[in-house]
Amino acid sequence: MSFDFSKAIDSTTNPSAYFSGRSEDYENYRPVHPAAAIDAVLAGLAPPPQLVAADVGAGTGIGSRLLANRGVKVWAIEPNADMTQAANLHEGIKFIAGTAEAIPLENAAVDVVTSFQAFHWFDFTQSLQEFRRVLKPNGRLALIWSLWDQRDPVSKDYTRLIFEASQPPESPTQPRLSVNSWVRRLRYQLFWSGLWLPYFTHFQRREFQFQQQLDLQGLIGLAHSQGFTPSAGEAFEAMIGALSTFRNRHCNAKSQVQLRYVTRLYLAKSPDRGQPVDVGERL
């Protein structure tokens with residue numbers, strides 16, 4: 001299964017405002033990452049009630065709650081007030097306005113840094129430097145995505161429908177990638193392949209699978225939560241019509257469609273003081 005980071009990397013859209021107006025659908029219809037992935041994030045660490053985590057790009061707190069439900073104290077770092085306001089409150093979570101490139105925490109303040117569905121929006125180098133700064137030595141970094149499984153025909157069909165509904169009018173000329181854009185894309189692709197992550201050690205990739213059941217309202221809400229899909233007008237109505245046809249084609253007896261997901265979890269360790277580490281200067 002492949003994932004193209006270029007839409008986010010090369011976009012001129014302000015990431016901090018990208019999901020404004022979509023936060024309720026994001027909270028209600030985005031899938032909840034599987035328990036096995038959270039088990040892997042916390043495995044080998046101190047008992048959860050002794051841990052402090054920074055969840056960066058927390059959105060409405062979907063990932064933050066998965067940690068807090070285990071007993072972890074979570075600082076949810078999120079720049080978009082619309083997303084924060086849509087979050088369900090949890091006593092173990094405190095939301096703080098901030099970005100991945102300027103995390104409002106002290107040095108070595110947390111045991112774990114997580115980012116659910118968000119790392120591709122961040123400046124690759126600056127965010128990793130910030131993650132390393134706020135992590136304690138030997139702390140854990142966990143970057144997580146749950147993506148539609150392209151090996152499943154129904155999930156692949158949903159993906160196709162969403163991206164077809166979101167295509168902008170074709171431009172007569174496509175801009176040439178700058179050297180900086182090419183380097184950014186290469187860095188993400190090396191990371192995404194599980195081959196390279198600077199500033200950290202013990203880099204590894206793991207995968208998990210799960211399913212989500214959605215009725216027509218859920219299919220529409222999930223599509224709208226993506227940020228890049230149409231939100232009004234003829235294009236939005238056309239997307240609803242296509243989703244209705246999709247539901248009728250793939251639904252079960254309860255008029256629900258099952259989407260399959262692959263969760264990719266990238267784990268790494270912050271180096272101990274004085275430990276040599278690749279800082280990515282060659283790329």
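**Salt bridges along the helices**

Modeller: Arg-160 and Glu-164 sit four residues apart in helix H7, so about one helical turn separates them. This is a predicted model.

Biologist: What do the side chains of Arg-160 and Glu-164 do?

Modeller: They meet in a salt bridge, 2.9 Å from N to O.

Biologist: Which other residues are linked with those two in a network?

Modeller: Asp-157 and Arg-249. Together with Arg-160 and Glu-164, they are linked in a network of salt bridges.

Biologist: How does Asp-157 meet Arg-160?

Modeller: Through their side chains, in a salt bridge of 2.5 Å, N to O. Asp-157 and Arg-160 are three residues apart in helix H7, which spans residues 153-165, so about one helical turn lies between them.

Biologist: Is Asp-157 buried or exposed?

Modeller: Buried, because its relative accessibility is 13% and the cut-off is under 20%. Arg-160 has 38%, so Arg-160 counts as partly exposed.

Biologist: New topic. Where do Arg-133 and Glu-130 lie?

Modeller: Both are in helix H6, residues 124-134. They are three residues apart, about one turn of the helix.

Biologist: Why does Glu-130 count as buried?

Modeller: Because its relative accessibility is 11%. Arg-133 is at 26%, so Arg-133 counts as partly exposed.

Note on methods:
Residues numbered from 1 in each chain as written. Predicted model: local features only at pLDDT ≥ 70, side-chain atom pairs only at ≥ 80, totals over all residues. Heavy atoms only, no water. Helix = DSSP H or I, 4+ residues; strand = E, 2+ residues; numbered from the N terminus. Buried < 20%, exposed > 50% of the residue type's maximum accessible area, 1.4 Å probe, protein only. Salt bridge = Lys/Arg side-chain N within 4 Å of Asp/Glu carboxyl O.
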